[in-house]
Amino acid sequence: MRLALSVVFSSIAGYLLGVDTVDFKTLILLALGGYFMVGASNAFNQIIEKDLDALMNRTKNRPIPAGRMSVQTAFIVASVFTLLGVIILYTINKQTAMFGAISIFLYTCVYTPLKTKTPLSVFVGAIPGAIPFMLGWVAATDDFGIEPGTLFALQFFWQFPHFWAIGWFLFEDYKRGGFFMLPTGKQDKGTAVQTIMYTIWTLLVSIIPVFGFTGKLQLSIIAAIVVFILGLGMLYYAIQLFKKMTEVAAKQLMLASVSYITLVQIVYVVDKFIR
C-alpha cells in the first residue's frame, strides 16, 4: 500500500508539472492506473519469490508464504490488475499505457529474476522505479522529451542510495533469501562510496532545470537552492553511512532519501504554480 501510494504521488507530481490546465478526470485515471500497475508488479513479484519470501522476516507474512492466498488466486489478481492498469492508462494516451506496461515487464521479468543473480538487478529495477515521475508528464502532454527524461533521471539516480541503504540494514535478511542488493555484495567502504557518488549525481540532476536546458521543465533560483539544500541533507546521511558503517546509519539514510524525493517533488510543483 505504501509503495503504491508513493508511486501515485510521483505520477501526480509529474502530471502537475506537465499540464497547463488540470483535468481532474485524467488525474484520477492516472492515479487509478498507476495504482493497478504497481499492484500487478508486486503481485507477480510475490508469486515468483514465494519460496524465498518464506525465508525472510520482512516477507514471511506476505499472503502467499503465510498461506492466506493461493498462487492461482494471486495470479488472477495480478493479471486483472495488469489489464485494468493498461486499459485505464490507455484511455489517457497510448504512450502512458506503453510506459506502464514496460514498467511491469521490467520489474517482473527482468528485475525480479536478477535479484538472486547479480547486484546489477538494482540498476534494472531503477528503470521501472523511475518511470512514475515521468509517467505523469507523459500523461499530461502525450509527449516524451527532455522534460520527462529529466524527471526520469532524477528518480533513477535517487534509487541507488535509497535501495542500497535498505539493502544495508536488511543485509542479513536479504542474505537468507539469497538476494544480492549491495553493489559489492558486502557492507563495506566500496558500497558506502558508491552510495555517496550516486547521491551526488541525484543532487546535480535535481538542479539542472534551473539552467534552462530542460524545455518547459523549469526551476526558479530560490527553488533550486531549496532543492540543493535538501540534496545536501541526503548527502550528509550518505557520508554518515561511510563513516559509521552501521545499520542504524543505513536506516537513517533510507528515511532521509524518502523525505528527500517527496520534498523535491513538492518543491518542483509548488515552484511551477507560484513562479
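Mentor: Start with overall size, and keep in mind that this is a predicted model. For 275 residues, a compact globule would have a radius of gyration near 19 Å. The value computed for the chain agrees with that, at 19 Å.

Trainee: What percentage of the contacts between residues at least 6 apart in sequence join residues at least 24 apart?

Mentor: Contact here means heavy atoms within 4.5 Å. Among contacts in the chain between residues at least 6 apart in sequence, the share that joins residues at least 24 apart is 71%.

Trainee: What percentage of the residues in the chain is buried?

Mentor: The chain exposes about 12900 Å², and carbon and sulfur atoms supply 70% of that area. A residue counts as buried under 20% relative accessible area. Of the 275 residues in the chain, the buried ones make up 49%.

Trainee: Turning to helix packing, are α9 and α10 roughly parallel or antiparallel?

Mentor: Two packed helices are described by the angle between their axes and the distance between the axes. Helix α9 covers residues 189–206 and helix α10 covers residues 221–244; they pack at about 175°, with axes 9 Å apart. Angles over 145 degrees count as roughly antiparallel, so α9 relative to α10 is roughly antiparallel.

Trainee: By class, which residues make the contact of α9 with α10, and how many of each?

Mentor: On the α9 side the contact includes Val193, Ile196, Ile200 and Leu203. On the α10 side it includes Phe228, Leu232, Leu235 and Phe242. By class, the contact has two charged, four polar and 14 nonpolar residues.

Trainee: How are α10 and α11 oriented, roughly parallel or antiparallel?

Mentor: The helices α10 and α11 pack at an angle of about 170°, and their axes are 9 Å apart. With the cut-off at 145 degrees, that makes α10, relative to α11, roughly antiparallel.

Trainee: How many nonpolar residues are in the contact of α10 with α11?

Mentor: From α10 the contact includes Val226, Leu230, Met234 and Leu241. From α11 it includes Leu253, Tyr260, Leu263 and Val267. The contact also has four polar and two charged residues, and the nonpolar ones number 17.

Trainee: Where is Asp142, and what is its phi?

Mentor: Most residues other than glycine have a negative phi. Asp142 lies in the loop between α6 (121–141) and α7 (146–169). It is partly exposed, with a relative accessible area of 41%. Its phi is positive although it is not a glycine, near 55°.

Trainee: Is Met245 buried or partly exposed?

Mentor: Met245 is found in the loop between α10 and α11 (247–274). Its phi is positive, about 55°, and it is not a glycine. At a relative accessibility of 26%, Met245 counts as partly exposed.

Trainee: Which residues is Met56 in contact with, leaving aside its neighbours within four places in sequence?

Mentor: Met56 lies in the loop between α3 (50–53) and α4 (71–92). Its relative accessible area is 1%, so it is buried. Leaving aside neighbours within four places in sequence, its contacts are Asp173, Tyr174, Gly177 and Phe179.

Trainee: Which residues does Ser103 contact, again leaving aside neighbours within four places in sequence?

Mentor: Ser103 is in helix α5 (residues 94–114). It is buried, with a relative accessible area of 16%. Beyond its neighbours within four places in sequence, Ser103 is in contact with Pro128 and Ile131.

Trainee: And which residues is Val124 in contact with, leaving aside neighbours within four places in sequence?

Mentor: Val124 sits in helix α6. Its relative accessibility of 13% is under the 20% cut-off, so Val124 counts as buried. Leaving aside neighbours within four places in sequence, its contacts are Val110, Tyr111 and Leu114.

Key:
Residues are numbered from 1 along each chain as its sequence is written. This is a predicted model: local features need pLDDT of at least 70, side-chain atom pairs count only at pLDDT 80 or more; totals for chains, interfaces and linings use all residues. Side-chain values use heavy atoms; hydrogens and water are left out. Axes are lines fitted to C-alpha atoms, for helices over the stretch in contact, and angles run from 0 to 180 degrees between N-to-C directions. Helices (H or I, at least four residues) and strands (E, at least two) are DSSP runs, numbered from the N terminus. Angles under 35 degrees count as roughly parallel, over 145 as roughly antiparallel, 65 to 115 as roughly perpendicular and the rest as oblique. Ala, Val, Leu, Ile, Met, Phe, Trp, Tyr, Cys and Pro count as nonpolar, Asp, Glu, Lys and Arg as charged, and the others, Gly among them, as polar. The radius of gyration is taken over C-alpha atoms; the globule rule is 2.2 Å times the number of residues to the power 0.38. Buried means under 20% relative accessible area, exposed over 50%, partly exposed in between (1.4 Å probe, protein chains only). Accessible areas come from the Shrake-Rupley method with a 1.4 Å probe; for residues, only the protein chains shown count as cover.
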